[in-house]
Amino acid sequence: METVQSNTIETPALENGKHPVNIATISAGFEKGDFLVREEQGNRVYFDFFEEAFNYIANKGYARMHREEEKEWIELMNIIHDSVKGGMKYNTGTLLMVLSRPITVLPPGEAASVKKSSSRGRGTSKERVNP
């Protein structure tokens, strides 16, 4: 089994050779800002310029996926959104990019303690970033 060296432990590859990742997306066409970045835990940040949106998410460790993998994610999200009866209420923009960041897998005992300590005071961010 292939492994990837992370900061805390070795993360095993899945059977298909892929590793667990978080995804973030950049979409366009919103009233609050021309570009929207969606990232983990439902955080949403609006930008007036694409470069600002891309730099924001890149500085958080996300990188653009290979073209074929990104295409698969976009197709999958389109299928999922189309399956919502009556259409999506909040996701009305155009998906432009899907980015990913590797996940560090913690041992089961550590994962429970991290979840407890990080769950307090966490909400979703709906901030707008202006130049």
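A salt bridge here is a side-chain nitrogen of Lys or Arg within 4 Å of a carboxyl oxygen of Asp or Glu, and by this rule the count comes to three salt bridges. The model is predicted, so local features need pLDDT of at least 70 and side-chain atom pairs count only at pLDDT 80 or more, whereas totals for chains, interfaces and linings use all residues. Residues are numbered from 1 along each chain as its sequence is written, and side-chain values use heavy atoms, with hydrogens and water left out. Helices (H or I, at least four residues) and strands (E, at least two) are DSSP runs, numbered from the N terminus.

**Salt bridges**

- The side chains of E39 and K60 form a salt bridge with an N to O distance of 3.3 Å, and this pair links distant parts of the chain, E39 lying in the loop between β4 and β5 and K60 in the loop between α1 and β6 (63-64), 21 residues apart.
- With buried meaning under 20% relative accessible area, exposed over 50%, and partly exposed in between (1.4 Å probe, protein chains only), E39 counts as buried at 8%, while K60 is partly exposed at 33%.
- A salt bridge also joins the side chains of E40 and R101, at 1.9 Å from N to O; here too distant parts of the chain are linked, since E40 is in the loop between β4 and β5 and R101 in strand β7, 61 residues apart.
- E40 is partly exposed, with a relative accessibility of 27%.
- In the salt bridge between R64 and E70, the closest N and O atoms are 3.0 Å apart; R64 is partly exposed at 45% relative accessible area, whereas E70 is buried at 5%.

**Helix α2**

- Helix α2 (residues 67-82) has 16 residues, which at 1.5 Å a residue should span 22 Å, and its end C-alpha atoms are 22 Å apart, which agrees; the expected span is 1.5 Å times one less than the number of residues.
- Within α2, E70, I74 and M77 are buried, and they lie on the same side of the helix because they cover an arc of only 65° around the axis, the arc being that of the directions from the helix axis to the C-beta atoms.
- The buried residues of α2 pack against β3, β6 and β7, while the face turned away from the buried side carries the exposed residues E68, I79 and D82.

**Strand pairing**

- Two strands pair if DSSP finds at least two bridges between them; β3 and β7 run antiparallel and are joined by eight bridges, with S27 having L95 in β7 as its bridge partner.
- Four bridges join β3 to β4, which are likewise antiparallel, and I26 stands opposite V37 in β4.
- β3 and β4 form a hairpin with six residues between them, and G29 in the turn has a positive phi of about 100°.

**Nonpolar core**

- A nonpolar core is a set of buried Ala, Val, Leu, Ile, Met, Phe, Trp, Tyr and Cys residues joined through side-chain atoms within 4.5 Å, and the largest one has twelve residues, among them I26, V37, F47, I57 and L99.
- Two or more residues of this core come from each of β3 (21-28), β4 (35-38), β5 (44-47), α1 (50-58) and β7 (94-102), and β3 gives the most, with three.
- Leaving aside its neighbours within four places in sequence, L99 is in contact (heavy atoms within 4.5 Å) with residues including A24, I26, F54, I57, Y62 and R64.
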